[in-house]
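Me: I would like a close look at a single part of this protein, with the cut-offs stated. Here is the model.

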Amino acid sequence: MPAIFQIRSNQESITSIHEFFYFEKKYLPIVELVLNDWIIYYSPAKRAGEFGNRTTGYFATARIVSVEFSVGKDGYCAAKLVDFCEFPSVPFSVTSPDALTKFYFEQNMQQSDGSLNKHASQQRVRLLSVEEYNRIMESAFNEHMNQKKAEVPTAPHSGFAEDPSEPLLRSRFITSRALRDRTFSKAVGEAYGWRCAMTGIHLRAADGGHEVECAHIKPVKDSGPDAVSNGIPLLRTFHWLFDKGFISVESDYRIVKSSRYYHPKIDNLINESGRIMLPKDVLVRPHPDFLRYHREHVFKP
């Protein structure tokens, strides 16, 4: 059964939410029901005095593989996550065209009189129906959904079943590399205005396609997540140089070049500052851990 994990406004800056979600032990019975199934992350509206840059709404999905008691955090547990995938934020509710009613993706958020169920909205862990999970995901992946549905292969029949089980279909849908790559590229590209982070160049074709490619800083093959903070948009040549370890990025965002690299003509394209461009949203800037991984495991000094 799917669930919602609601983060606190400052949680992303102090924890790696693509790997762990820390929650109060009172939610343990709910989380245990979600083991080996999918969750959706939700970021609530900030209260007065709270800090945080993320837009309110549902913004990522992941799968729970285990639950651990949190060392050093009395009264807390940690849900271990895999297959993290960030997507364009989906609002908590949608107002009808006549502005008279609100539609909530989570049905128990609306009370019988139409008002918000404030008690339910404050619960940091809450169960979702399969239909609610699918509705949020369809809204998040809207432009990719129809294409992806056509790509989902037919599962072998089991007994007299005509269709694959909903959890199986959902798992195959979300773990599709093609879908995740398209969603990741869109989220990273939009965060940077579709400009190459190392050159500032923005090239767009008449059909709307962009020249930049969005690279994973920590490679997918090394369990790098599909998070915007693990992405960087680059011109194709720079993408190749980055993936092959000829260039990297320091913790202060300075561009560093390998001793094996010498291409003055390409260097002339690099930002005059010698640093990569950064998105305005602090939360989606390259994470120091991912940059360090690239320097230590991909870069060739």
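In β3, which residue is the bridge partner of A3? Please describe the strand and its surroundings from there.

Reply: The bridge partner of A3 in β3 is I39. Before the details, some conventions. This is a predicted model, in which local features need pLDDT of at least 70, side-chain atom pairs count only at pLDDT 80 or more, and totals for chains, interfaces and linings use all residues. Residues are numbered from 1 along each chain as its sequence is written, and side-chain values use heavy atoms, with hydrogens and water left out.

The protein has ten helices and twelve strands; these are DSSP runs numbered from the N terminus, with helices being H or I of at least four residues and strands E of at least two. Of its 301 residues, 44% are buried, where buried means under 20% relative accessible area, exposed over 50%, and partly exposed in between (1.4 Å probe, protein chains only).

Strand β3 covers residues 38–43. Six of these six residues are buried, so the strand is largely enclosed by the rest of the structure. In a regular strand the side chains alternate between the two faces of the sheet. In β3, W38, I40 and Y42 point one way, while I39, Y41 and S43 point the other way. Residues of both sets are buried.

With β1 (residues 3–6), β3 runs parallel, and four bridges join the two. The bridge between A3 and I39 belongs to this pairing. With β4 (residues 57–69), β3 runs antiparallel, and the two are joined by six bridges.

For the protein as a whole, contact means heavy atoms within 4.5 Å. Among contacts with a separation of 6 or more, 67% are between residues 24 or more positions apart.

Helix α10 spans residues 288–297 and contains H294. The buried residues of α10 are F290, L291, Y293, H294 and R295, and they pack against α8 (236–243) and β11 (247–249).

Key:
Pairing = 2+ DSSP bridges.
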